[in-house]
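Subject: Structure for you to look at, with notes

Dear colleague,

I am passing on the structure that we talked about, and my notes on it follow below. Please have it open while you read them.

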Amino acid sequence: MTTLSDWLAAQPVDPKLASVVATMATASAEIADVLRLAPISGQTGLAGQTNVQGEAQKALDVISNDIVLNHIRRNPDISILVSEELDEAVHIENQGRFLVATDPLDGSSNLDVNVTVGTIFSVLDATKGLLQPGSAQLAAGYAAYGPATSLVLTFGTSTAVFTLDADGTFQLTLDNMSVAPASAEYAINTARERLWDAATRGYVAENVAGETGPAGKRHNMRWVGSMVADIHRILMRGGIFLYPLDSETTSKGGRLRLLYEANPMALVVEAAGGRSTTGRERILDLVPTGIHQRVPVILGSAEEVARVEAWYAKIPAN
Ligand code: AHG
Ligand code: MN
Ligand code: MN
């Protein structure tokens with residue numbers, strides 16, 4: 001087996017950048033341990049605070065954020081942390097060249113029901129400021145805390161999957177991942193149908209119409225409600241994930257956050273041959289206007305994403 005350390009040492013990247021990824025892996029392994037025993041240790045329920053986005057923080061949102069922050073402080077190569085759970089960027093007192101943006105616990109509304117949740121992260125050059133497009137990411141990845149803890153990493157050109165073993169070491173289990181170009185599985189919260197725009201409506205209606213409809217094949221719908229879990233499924237067996245702009249999210253720009261949800265997931269998926277878009281623009285080309293900016297997210301199998309883009313191209317932007 002190849003351990004994460006061996007694999008990182010063999011990558012053609014700055015060893016300091018590799019150390020940032022190793023730091024996030026170590027933080028993820030610690031979060032996995034906390035999550036596994038949270039119902040016994042009593043680390044469940046609400047933290048009693050809301051974050052900058054007005055969302056009620058779970059105790060585990062706060063604990064996961066603290067774990068990431070503690071590990072980051074110990075790595076002299078990281079000087080800035082942007083987190084979903086922190087209003088402002090944290091400037092750490094060192095000269096480190098790297099910035100980490102993270103969703104320390106994605107899908108936390110699923111914690112009480114023991115469904116897969118995750119940690120998402122993005123690594124940028126800290127000397128270039130907070131608001132860089134996703135195409136400037138130097139590395140990105142996520143941990144998915146499911147029956148196994150998976151760690152998915154990219155430095156932008158390929159995507160690898162590691163599995164946490166019983167000794168707390170990540171072992172390489174899949175390398176050079178490829179998102180199937182075609183798929184018949186889509187993931188969207190259909191309870192929001194009344195709020196959808198014409199493009200989303202058109203695309204989903206074609207899927208629902210099945211083999212005799214315009215898509216010409218029977219589709220199936222899968223929605224975990226944890227982006228990490230939904231996108232991990234798509235990485236493993238193809239499919240498309242949509243959290244599009246709808247009439248309720250338009251005023252906020254979307255539901256999911258650009259810096260620490262959309263961008264890292266888009267880099268992982270594109271490095272594995274998939275596509276990512278807001279419907280009208282490639283996610284990785286967007287220039288952020290704020291660290292907690294929200295965006296529409298559509299990503300996965302290239303052919304399915306292209307079908308959604310074709311729908312948006314038919315409908316004028318307002
Ligand atoms: P978070 O727990 O970090 O706030 O993110 C939850 C996100 C994402 O995981 C998921 O795809 C989406 O919220 C689900 O949103 P709805 O509850 O609106 O379906
Ligand atoms: Mn999230
Ligand atoms: Mn979160």
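Along the chain, the donors of the manganese ion (ligand 3) follow the spacing E-x18-D-x1-L, where donors are N, O and S atoms within 2.8 Å of the metal (3.2 Å for Na, K and Ca), and since water is not among the atoms, sites may look incomplete. The residues behind that pattern are Glu84 (OE), Asp103 (OD) and Leu105 (O), which coordinate the manganese ion (ligand 3) at 2.2 to 2.3 Å. Helices (H or I, at least four residues) and strands (E, at least two) are DSSP runs, numbered from the N terminus.

Before going further, please bear in mind that this is a predicted model, in which local features need pLDDT of at least 70 and side-chain atom pairs count only at pLDDT 80 or more, while totals for chains, interfaces and linings use all residues. Residues are numbered from 1 along each chain as its sequence is written, chains are lettered from A and ligands numbered from 1 in the order in which they are written, and side-chain values use heavy atoms, with hydrogens and water left out.

Glu84 counts as buried at 5% relative accessibility, and Asp106 counts as buried at 5%.

The chain as a whole

The secondary structure of the protein chain comes to seven helices and 17 strands. Its radius of gyration, taken over C-alpha atoms, is 19 Å, close to the 20 Å that the globule rule gives for 318 residues, so the chain is as compact as a globular protein of that length; the rule itself is 2.2 Å times the number of residues to the power 0.38. The C-alpha trace spans about 55 × 45 × 45 Å along its principal axes, and 57% of the 318 residues count as buried. Among contacts between residues at least 6 apart in sequence, 62% join residues at least 24 apart, a contact being heavy atoms within 4.5 Å.

Helices

In helix α4 (residues 198-208), the buried residues are Ala199, Thr200, Gly202, Tyr203, Val204, Glu206 and Asn207, and they pack against β11 (185-187), β13 (240-243) and α7 (302-314). Just after α4, Gly210 takes a positive phi of about 70°.

Helix α3 (residues 59-73) contains Ala59, which counts as buried at 16% relative accessibility. Leaving aside residues up to four places away in sequence, Ala59 touches Gln43, Thr44, Gly45, Leu46 and Ala47.

Asn263 is found in helix α6 (residues 258-271) and is buried, with a relative accessible area of 2%. With residues up to four places away in sequence not counted, Asn263 touches Gln132, Pro133, Gly134, Gln137, Leu258, Ile283 and Leu284.

Two loop asparagines

Most residues other than glycine have a negative phi. Asn114, although it is not a glycine, has a positive phi of about 60°; this residue lies in the loop between β5 and β6 (117-125) and counts as exposed at 74% relative accessibility. Asn176 has a phi near 50°, again a positive value in a residue other than glycine; Asn176 is placed in the loop between β10 (170-174) and β11, and it is exposed, with a relative accessible area of 55%.

Key:
Buried < 20%, exposed > 50% of the residue type's maximum accessible area, 1.4 Å probe, protein only.
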